[in-house]
Amino acid sequence: VLFRSGFSLLAVYTFGKSLDMQTTIDLCDGCTNSSGSGAISDTRNRRLNYGLSDHHTAHRGVVSGFWDLPFGKGRRFLTQGPAAALAGGWAFSGITTLSTGLPFTLNLNFDNANNGTTNWPNRIGSGTLANPTVGKWFDTSAFVFPAAFTIGNAGRNILTGPGTVSSDISLQRNFRIPVRESMRLEFRTEAFNLFNTPQLGQPALTLGTAQFGTISSTARANRQLQMGLKLLF
């Protein structure tokens, strides 16, 4: 944490691991395997489902800052005249988030085990790729159909989806209104996902479909800009 002369900076890094047999509530945006009896592959052996939680995020870093710009009356620069009136009172803030992706569970396009629950494929390789793309996020050849009426060995939440890289910024200014002492008008302009970095969704998870292993959607919106006025009294 750094704070000096109207400028503050906060950086946080988190390393974690969450394990369970079933994630029973939605703890995050983008979780694909949350809750429901269908998430259990074998109700007589729930230990088969032990693995990463749906909301597990191994690495997460967040950097945020605030800067009360040094312009205008009583500040270091542009202290008088029209320039002070135009440039004074502005503040800038921002936050950048970087995190690894959420885990996901592969399944089959039919009830191979004939048990009415989630069916996993067999895993014959690691399934990971050194350079995954939207056209092939994991090694699809590492997963095959198990023998009829059996539960595959792939397991739950064995692979990880795309991570997040996003930056949001805000520029704001307060204008005093001489009606009441505490009355002011706040103007804000904000940009979400400033650099328009694609926030990819999870890949197609069903073995036996043409889309298996491909990503065809985004998990969050592209760049968004907005401006607003707020009256405080």
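Student: In which strand is the place of Ser166?

Tutor: This is a predicted model, in which local features need pLDDT of at least 70, side-chain atom pairs count only at pLDDT 80 or more, and totals for chains, interfaces and linings use all residues. Residues are numbered from 1 along each chain as its sequence is written, and side-chain values use heavy atoms, with hydrogens and water left out. Strands are DSSP runs of E with at least two residues, helices are runs of H or I with at least four, and both are numbered from the N terminus. The strand that covers residues 164–176 holds Ser166, and this is β12.

Student: Does Ser166 count as buried or exposed?

Tutor: Buried means under 20% relative accessible area, exposed over 50%, and partly exposed in between, with a 1.4 Å probe and protein chains only. The relative accessibility of Ser166 is 17%, so Ser166 counts as buried.

Student: Which residues is Ser166 in contact with, leaving aside neighbours within four places in sequence?

Tutor: Contact means heavy atoms within 4.5 Å. With those neighbours set aside, the partners of Ser166 are Ile95, Thr96, Thr97, Asn193 and Gln199.

Student: Where does Gly88 lie, and is Gly88 buried or exposed?

Tutor: Gly88 is in the loop between α1 (81–87) and β6 (90–99). Not counting residues up to four places away in sequence, Gly88 touches Phe71, Gly72, Ala83 and Arg173. Because its relative accessibility is 7%, Gly88 counts as buried.

Student: What separation do the C-alpha atoms of Gly88 and Phe7 have?

Tutor: Along the chain, Gly88 and Phe7 are 81 residues apart. Between their C-alpha atoms the separation is 16 Å.

Student: Which residues touch the most other members of the largest nonpolar core?

Tutor: A nonpolar core is a set of buried Ala, Val, Leu, Ile, Met, Phe, Trp, Tyr and Cys residues joined through side-chain atoms within 4.5 Å. Phe143 touches residues including Leu106, Phe138, Leu159 and Phe212, not counting those up to four places away in sequence. Of the 14 residues in the largest core, those touching the most other members are Phe104, Leu106, Trp137, Phe138, Phe143, Leu159 and Phe212.

Student: How many helices and strands are in the protein, and what is its radius of gyration?

Tutor: The protein has one helix and 15 strands. The globule rule, 2.2 Å times the number of residues to the power 0.38, is compared with a radius taken over C-alpha atoms. For 233 residues the rule gives 17 Å, and the protein is well over that, so it is more spread out than a compact globule, with a radius of gyration of 25 Å.
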